Amino acid sequence: MAQYTMESPFMLQNLPGFPYISYTNQQDTYAILENWYQGSYLNEYTIDKQTGKKIEKYPLKINPIRATCEKHASALFGQMLDSIHCGAIPVRILADTSDVKEVDINKDSTEIVERALKEVFADNGAGSMFMSNGILSQYLRGCVFAASWLPKEKRILITNPSPKEFFGIPKGADFWNLSKAWIIREIDKEVAETYDVVINQADTKFYYIEYWDEKNYEVTINGKVINDDDGNPMKDENPWGRVPVTYIPHIRTNTFLGVSMVTEMVKGLVRELNLRWADIGDAVNDDSHQPVFMRNVRGKIDIKHIEGRPIIDLGAASGLAAGEQQPDMDSVSIKSASEVTINLGKELFTMYRREVAHPAVADGEDTGSQRSSLTLGVKMWPMVAHVEMERMNWTVGLGNFCNILLNMMMVKERYGITEEHVKTKLKIVWAPMLPQDRKTLVDEVAIRSSSKLGSQEHLMTLLGDIPNVEEEKAKILAEKE
C-alpha cells in the first residue's frame, strides 16, 4: 500500500542527471507532430465582428495524414497470409548462416534461437506492437521497443513506449546502442497509489520514470524508488550489461532521431487544401443561391401556391402607355465554382501525394482501362521506394533488439539460450509489400522447382503460408518414403 508524506513538490528538472531542456524541446516537437496527425490544428476559427459568432477557418477538416500513415505502415509490413500466426508478428526472424561453412552449421542451435525469439514475441502479443509502432514512426519520427524482466512470472516483458515517453542518449556515433535511456510516463494519482511507494501530498503531477545505463537501472514514481513483484527495490546494477531499449527511426539522416513524414510542406499543403476546398464549397453555395431581379413591375407582388410550390405573380402591363414592357424576372448567373478553381483543389492533393509518397492507386484510385499488376506496381513505386528505406532501419533495429532479448534469456537461463546463441547473426525476412496474384506466385514456384532454379527450402519460404519450413520439409520426405 502507498504511504503519504508532505514535502516540496516533485519537478522533472530536479531529477539528477536528467537533460531536462533537451527533453522539453523534444516534447514540444512531438506535440506539434501529434496535433497534425490528429487534425487539431484544423480547429482554428475566426470571430464575426458583427454577430460575434465563431466561424470555423477549416470547416471541412480534411486531414489525409492519418490515412497516409496507415498506408505506409501496411506497406512496411507487407501482405501476410496468416495475420494471427505467432502473435501476428509480421516478419520472420531467422538465424543467418549464409556466411558459415555447411559443416559448421548447427541446425539444432539455429532452431533454438529462432524458437526462443518466436516464443517471447508471441507471449507478448508483439504483432499489435509492430503495427502500432509502424504507424507511430511515420509521424513521430521513430518508435521504441523496450524489454524488462518479470520476476514473479519469470518471463521477459516487451513493451513499446511512445516516442514521447522516451529520451535516449546513444553511445557516441553508434546510434543503435544507447549509453543512457529514460522512459517517462505521466500517470494519474490513483495509478501512482497502486505502487508500493511513498506519495507526496504536495505533488500535482505524477511520473513513472524508468532509467537505464550500462551499469545501473532505477524505476521510480516522482523520484521515489518502487518495488518489484517480490518486494525488492527496483534500483540495482544492470544485470544485462546494456540498455534494454532500442529506438528505430522512421528514416534517419544525420541525427539520432528520425525524420517525420509531417514536413513543413505537408503542413502548408493541408492548410491550403482545406482553404481552397472551403472556397469551392462557398462558390457552389453562391451558385445555388443566385440573386434574382425584376423589372417593369408596378404595384404589389403576389405570391401564389400551386401544388405546394410558391409562384411569383408579376401581373401584366397596364397597357395605358405606348410601348410599355411586360413584367419580367430573371436571376444573375455567377458561376463562381469554375473548373480552374476545382482543378486547383485537385492539384493541391496531387502535390501532397508526391510529398508523402502516397500514390492515388494506394487508395484504389486509377484512371483508364483495366491495368495489369505490373502497371499498378510501377504506379506504387514512390511508396515502395520510401518504405524500402524504412525497412532498412527496421531490419537493423529489430536485429539489435533481438540480440538484447537473447542476452536477457542467457542471463536468466531461459529457452536454453547460451553465450554461443547470443553471438548468432540474425536476418529479418519481410513479406511482399504489395498484394500478389496467388496463382502467378504458385506457377513461378512450380516452374523454378521443375527447372532446378532454387532449393525446395527456399521456394517454400516464397509461398509465405508455411510456419516452419524444416518441419514441412521433413513431412514431405516422410510422405514420399
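# Questions and answers on contacts, burial and pairing

Q: Which residues is R141 in contact with, apart from its neighbours within four places in sequence?
A: R141 is in contact with T29, Y30, L33, L136, Y247, P249, H250, L257, G258, V259 and S260. Contact here means heavy atoms within 4.5 Å. This is a predicted model, in which local features need pLDDT of at least 70 and side-chain atom pairs count only at pLDDT 80 or more, while totals for chains, interfaces and linings use all residues. Residues are numbered from 1 along each chain as its sequence is written, and side-chain values use heavy atoms, with hydrogens and water left out.

Q: Where is R141 found, and what is its nearest side chain of opposite charge?
A: R141 is in the loop between helix 4 (126–140) and strand 5 (142–150). Helices (H or I, at least four residues) and strands (E, at least two) are DSSP runs numbered from the N terminus. R141 is buried and has no salt bridge, and the nearest side chain of opposite charge, E264, is 11 Å away. Lys and Arg count as positive and Asp and Glu as negative, whereas His and the chain ends are not counted. A salt bridge needs a side-chain nitrogen of Lys or Arg within 4 Å of a carboxyl oxygen of Asp or Glu. Buried means under 20% relative accessible area, exposed over 50%, and partly exposed in between (1.4 Å probe, protein chains only).

Q: Why are D363 and K71 called a salt bridge?
A: The closest N and O atoms of D363 and K71 are 3.4 Å apart, so the pair meets the salt-bridge cut-off.

Q: What makes D363 and K71 buried, partly exposed or exposed?
A: D363 has a relative accessible area of 32%, so D363 is partly exposed. K71, at 28%, counts as partly exposed.

Q: How many salt bridges does the structure hold?
A: The structure holds 14 salt bridges. Among them is the one between E272 and R276, with closest N and O atoms 2.4 Å apart. E272 and R276 both lie in helix 6 (residues 264–288), four residues apart, about one turn of the helix.

Q: How do you know that the length of helix 7 agrees with its number of residues?
A: The expected span of a helix is 1.5 Å times one less than its number of residues. The 18 residues of helix 7 (residues 339–356) should therefore span 26 Å, and the end C-alpha atoms are 26 Å apart, which agrees.

Q: Which residues of helix 7 are buried, and why are they said to be on the same side?
A: The buried residues of helix 7 are G345, L348, Y352, R353 and V356. They cover an arc of only 140 degrees around the axis, which puts them on the same side of helix 7. The arc is that of the directions from the helix axis to the C-beta atoms. The face turned away from this buried side carries the exposed residues E339, V340 and R354.

Q: Why is the pair F130 and F145 called tilted?
A: A search of the whole structure finds 22 aromatic pairs. One of them joins F130 and F145, with 5.4 Å centre to centre and 55 degrees between the planes. Rings of Phe, Tyr and Trp (its six-membered ring) pair if their centres lie within 6.5 Å, and planes under 30 degrees apart count as stacked, over 60 as edge-to-face and the rest as tilted. The angle for F130 and F145 is therefore a tilted one. Both F130 and F145 are buried.

Q: What makes the pair of Y195 and Y208 stacked, tilted or edge-to-face?
A: The ring centres of Y195 and Y208 are 6.2 Å apart and the planes are at 35 degrees, so the pair is tilted. Y195 is partly exposed at 27% relative accessible area, whereas Y208 counts as buried at 12%.
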